[in-house]
Amino acid sequence: MNAQCCRPVAMDLGVYQLRHFSISFLSSLLGTDSSSLRLDSSSSGASVVAIDNKIEQAMDLVKSHLMYAVREEVEVLKEQIKELIEKNSQLEQENTLLKTLASPEQLAQFQAQLQTGSPPSSGQAQGTAQQPAQPASQGSGPSA
């Protein structure tokens with residue numbers, strides 16, 4: 001029987017502490033003075049409803065800020081994806097062109113290097129780059 005008498009007091013104290021925490025949290029979110037929002041143990045139902053409304057407003061505010069931040073991040077990521085797709089397309093075109101210009105021996109040598117994991121030598125890369133340039137210089141020489 002004695003425990004039943006103490007239980008409502010402890011519950012009221014817990015509710016009061018929860019309200020105090022909610023008010024402190026709310027006031028920090030809203031930037032208001034918590035003394036203007038404080039309740040005593042004799043607060044009415046209207047005050048509880050007002051606090052519930054303030055909590056709901058604060059939660060809506062947090063939600064809207066998070067949604068805005070997420071939308072911004074999504075837009076940035078979409079732009080990055082678009083740029084990467086364009087770069088990938090350009091690299092695929094370049095790769096196709098290089099495959100068509102390379103001799104079968106060069107392709108076989110490149111495949112062997114890929115299998116062994118060794119990087120291509122700089123002399124081979126220069127030789128490949130010089131091949132298309134040589135016919136162009138020879139063609140322009142006699143016409144000059």
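Reader: Is glutamate 79 buried, partly exposed or exposed?

Author: This is a predicted model, in which local features need pLDDT of at least 70, side-chain atom pairs count only at pLDDT 80 or more, and totals for chains, interfaces and linings use all residues. Residues are numbered from 1 along each chain as its sequence is written, and side-chain values use heavy atoms, with hydrogens and water left out. Buried means under 20% relative accessible area, exposed over 50%, and partly exposed in between, with a 1.4 Å probe and protein chains only. Because its relative accessibility is 41%, glutamate 79 counts as partly exposed.

Reader: In which helix is glutamate 79 found?

Author: Helices are DSSP runs of H or I with at least four residues, and strands are runs of E with at least two, numbered from the N terminus. The protein has four helices and zero strands, and glutamate 79 is found in the one spanning residues 45-101, helix H2.
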